[in-house]
Every structure is written in C-alpha cells, then in structure tokens.
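Student: Could you take me through a close look at one helix here, and at what packs against it? I'd like one connected picture, please.

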Amino acid sequence: EVYYAAHTNDFRVEDQVKLRMIVLNKTGENADQTKNLADEILGKIAAGAPFAEMASIYSQDSKRSEGGEWDWFETSKLRKELADAAVNLNPGQHSGVIDTPEACYIMLVEEKRPAHIKPLADVRDEIENKLMNEETDQLQKEWLDRLRKKTFVRYLVAD
C-alpha cells in the first residue's frame, strides 16, 4: 500500500476506447477500388447492417473472425488518424471512412473509459512481484559483495 501510494503515476491509465474496426488494405493498383468498397460498406452500416457482420465479411485484418473486435486501446497508442476519430465518437457511433496511405478504416466505438489510476486491488499482485524481485536482487548483491570481500584471487602472469 505504501509503494502504491508513492508510485500512483506508474498505475495511471490514459483515456481508453473499445473498438471494432473494418480494415481494407490498399495496394498500388486498387487504391480507388478500396475507397469505393469502404464507402459501400459504410452505406450498408448506415442502412442498418450490423457492424460485426460487415467486419467479418469485408475486413482484411487479423480480427476479421471476431467481427472486427479489438480490445481496449489507449487513444494515445492508436495511429493519429484513428485516435482523432475515436476521441470524437460517442459509444455506439461509427466513423466515416478513415483514408490513410496504406488502408481504409471504418471504426465503431463500443465503449470509452476516461483516464484513471488502476485501483490497488488490480495491481496488488504486480506490486508484490516487483517488491519481491527487488528484495531478491538486493540480497543477491549483498551476498556477492560478502563473497568478494572474503575471497582472495591471485593472477599469475606467464612470461
């Protein structure tokens, strides 16, 4: 508890968003087709198609099979274009097409969490492990120092 109180900044979490994304990768020859497809998908979502279903059909990233569901992200760790869009969306809202040189993105913000400090209950095990490791390292260092003081080492130089 003392460590936690002295190191609260270590347990600070920035603003977070829980996202679903549809990612359409661009290649040199199909950049315009990718943008058109993204616009078409956005139209289907606006008409009521479930975002998760559209993601599982069209998305070209590793989260396709999960309906485009990404876990919680700190907004500062998202690509700038995506972070800007995520900050301006409320939970349940989707973005327009976010066009970048590599891909087109459509994003749905499922939930938001404001910046906060993790509660002690959530980080207690982490703190205990850290303190144990520090204590172990300190004891090992002291043991090695004692051994060095007791031991005499003579080096023989061959001619």
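Tutor: Happy to! First, a term: buried means under 20% relative accessible area, exposed over 50%, and partly exposed in between, computed with a 1.4 Å probe on protein chains only. Helices (H or I, at least four residues) and strands (E, at least two) are DSSP runs, numbered from the N terminus. This is a predicted model, in which local features need pLDDT of at least 70 and side-chain atom pairs count only at pLDDT 80 or more, while totals for chains, interfaces and linings use all residues. Residues are numbered from 1 along each chain as its sequence is written, and side-chain values use heavy atoms, with hydrogens and water left out.

Our helix is α4, residues 80–88, and its buried residues are Leu82, Ala83, Ala85 and Ala86. They lie on the same side of α4 because they cover an arc of only 165° around the axis (the arc is that of the directions from the helix axis to the C-beta atoms). On the face turned away from that buried side sit the exposed residues Lys80 and Asn88.

What lies over the buried side? The cover includes β2 (16–25), β4 (98–99) and β5 (103–113), where contact means heavy atoms within 4.5 Å. α4 lies across these three strands, β2, β4 and β5, running at about 40° to β5; axes are lines fitted to C-alpha atoms, for helices over the stretch in contact, and angles run from 0 to 180 degrees between N-to-C directions.

The strands belong to an open sheet of four, in the order β3-β2-β5-β4, with antiparallel pairing. Two strands pair if DSSP finds at least two bridges between them; β2 and β5 pair over 10 bridges.

Now zoom in on Leu82. Leaving aside residues up to four places away in sequence, Leu82 touches Met21, Ile98, Tyr105 and Met107. Tyr105 has its place in strand β5 and is buried, with a relative accessible area of 13%.

A nonpolar core is a set of buried Ala, Val, Leu, Ile, Met, Phe, Trp, Tyr and Cys residues joined through side-chain atoms within 4.5 Å. The largest one has 15 residues, and those with the most contacts inside it are Leu19, Met21, Leu78, Leu82, Tyr105 and Met107. The elements giving two or more residues to this core are β2, α4 and β5.
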